[in-house]
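Welcome! Take a moment to look over the sequence and the model below. The briefing that follows will walk you through them, topic by topic.

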Amino acid sequence: MKRLTITTLLAVALLSGCSSKEDVIPDVPPSNLYATAQTALQKGNWTSAIEQLEALDSRYPFGAYSDQVQLDLIYAYYKSDDLALGEATIERFLRLNPDNPQADWVVYMRGLTHMAQDRSFMHDMFNINRFDRDPTPSRQAFKDFKYLLERYPESEYGADAKARMIFLKNRLANYDLATADFYIRREAWIAAINRCQQIQRLYPDTEAARQSLALEKIAYEKLNLQKEVERTDKLMKLNPAN
């Protein structure tokens, strides 16, 4: 009987927790809801801000605060690590408001959101730098920032976007270097050479590009391609790795 009672209580608690936020947020004028959300945002209370903004968005989707609510949600989702919701809100906003004066900021936030998807809680906690993890979010972030610079060359977020692109370029180059090293250890010489050449072609000014020459040389040696070994050796002397 005790076990049944506990199970019943848990079920009730779960059902209560799953109740709509509409039941929690009071039915007040939109100006009051928005003011409460702004107070929560200023205090960094992201959960409360999101609850207020989502209620406002749900109740008044075409109201006077509609665009600003979406912009605030994008920021609040990012700060609270609700990255999937943030990305969905960004895509929705850009689709419906391509000419909005703050569209450049939204594109910038899309880049930040994709960058944030390329890390994990455990990596942050233990300060682990794993260049061999899937770089797809970083590739997308790089495209986002590149698009920002091309579409909005005068944007105030351009300088920061450029700095982030440098970081992302090194992140992507290091991933390819880790992949090339994996191919070397697997004795997949041709695959290693192709990956090294890709690094040198796409990220020529990175440390990974210089380090890739040593791996490329190993692969050429294993394949007995002496001319390529000599050529690569010359490149290594001209571009010494740190």
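Two residues are said to touch, or to be in contact, when they have heavy atoms within 4.5 Å of each other. With that in mind, Glu87 touches Thr113, His114 and Gln117, leaving aside residues up to four places away in sequence. Please keep in mind as you read that this is a predicted model.

**The chain as a whole**

- Along the sequence, the pattern reads α-α-α-α-α-α-α-α-α-α-α-α.
- The chain has 242 residues, and 38% of them count as buried.
- Among contacts in the chain with a separation of 6 or more, 58% come from residues 24 or more positions apart.

**Helices H4 and H6**

- Helix H4 covers residues 66–79 and helix H6 covers residues 103–116; they pack at an angle of about 20°, and their axes are 11 Å apart.
- Angles under 35 degrees count as roughly parallel, and H4 and H6 are therefore roughly parallel to each other.
- The crossing of H4 and H6 is left-handed.
- On the H4 side, the contact is made by Leu71, Ile74, Tyr75 and Tyr78, while H6 brings Trp105, Val106, Met109, Leu112, Thr113 and Ala116.
- Sorted by class, the contact of H4 with H6 has 9 nonpolar residues, 1 polar residue and no charged ones.

**The nonpolar cores**

- The largest nonpolar core has 21 residues, and the members that touch the most others are Ile74, Trp105, Val106, Tyr108, Met109, Phe145 and Leu148.
- Two or more residues of this core come from each of these elements: H4, helix H5 (83–96), H6, helix H8 (136–151) and helix H9 (158–185).
- H6 gives the most to this core, namely 8 residues.
- Phe145 touches Tyr108, Gly111, Leu112, Met115, Ala161, Arg164, Met165 and Leu168, again not counting residues up to four places away in sequence.
- Another core, of 17 residues, lies apart from the largest one; Leu177, Ile184, Ala209 and Val229 are among its residues.

**Glu87, in helix H5**

- Which helix holds Glu87? Glu87 lies in helix H5.
- Glu87 has a relative accessibility of 26%, so this residue counts as partly exposed.
- Glu87 and Arg110 are 23 residues apart in sequence, yet their C-alpha atoms are 6.6 Å apart in space.

**Helices H10 and H11**

- Helix H10 (residues 189–202) packs with H11 at an angle of about 155°, and the two axes are 9 Å apart.
- Angles over 145 degrees count as roughly antiparallel, and that makes H10 roughly antiparallel to H11.
- The crossing of H10 and H11 is left-handed.
- From H10, the residues in contact are Trp189, Ile193, Cys196, Gln197, Ile199 and Gln200.
- From H11, the contact includes Ala208, Ala209, Ser212, Leu213, Leu215, Glu216, Ile218, Ala219, Tyr220 and Lys222.
- By class, the contact of H10 with H11 divides into 11 nonpolar, 3 polar and 2 charged residues.

**Lys222, in helix H11**

- Lys222 is found in helix H11, which covers residues 207–222.
- With a relative accessible area of 53%, Lys222 is exposed.
- Lys222 and Trp189 are 33 residues apart along the chain, and their C-alpha atoms are separated by 7.4 Å.

- Glu187 is a residue other than glycine with a positive phi, near 60°.
- Where is Glu187? Glu187 sits in the loop between H9 and H10, and at 57% relative accessibility Glu187 counts as exposed.
- Asn224 is a residue other than glycine whose phi is positive and near 60°.
- Asn224 belongs to the loop between H11 and helix H12 (226–238).
- Is Asn224 buried or exposed? Asn224 is exposed, as its relative accessible area is 67%.

Terms used. Residues are numbered from 1 along each chain as its sequence is written. This is a predicted model: local features need pLDDT of at least 70, side-chain atom pairs count only at pLDDT 80 or more; totals for chains, interfaces and linings use all residues. Side-chain values use heavy atoms; hydrogens and water are left out. Axes are lines fitted to C-alpha atoms, for helices over the stretch in contact, and angles run from 0 to 180 degrees between N-to-C directions. Helices (H or I, at least four residues) and strands (E, at least two) are DSSP runs, numbered from the N terminus. Angles under 35 degrees count as roughly parallel, over 145 as roughly antiparallel, 65 to 115 as roughly perpendicular and the rest as oblique. A crossing is left-handed if the near helix is turned anticlockwise from the far one by less than a right angle, and right-handed if clockwise. Ala, Val, Leu, Ile, Met, Phe, Trp, Tyr, Cys and Pro count as nonpolar, Asp, Glu, Lys and Arg as charged, and the others, Gly among them, as polar. A nonpolar core is a set of buried Ala, Val, Leu, Ile, Met, Phe, Trp, Tyr and Cys residues joined through side-chain atoms within 4.5 Å. Buried means under 20% relative accessible area, exposed over 50%, partly exposed in between (1.4 Å probe, protein chains only).
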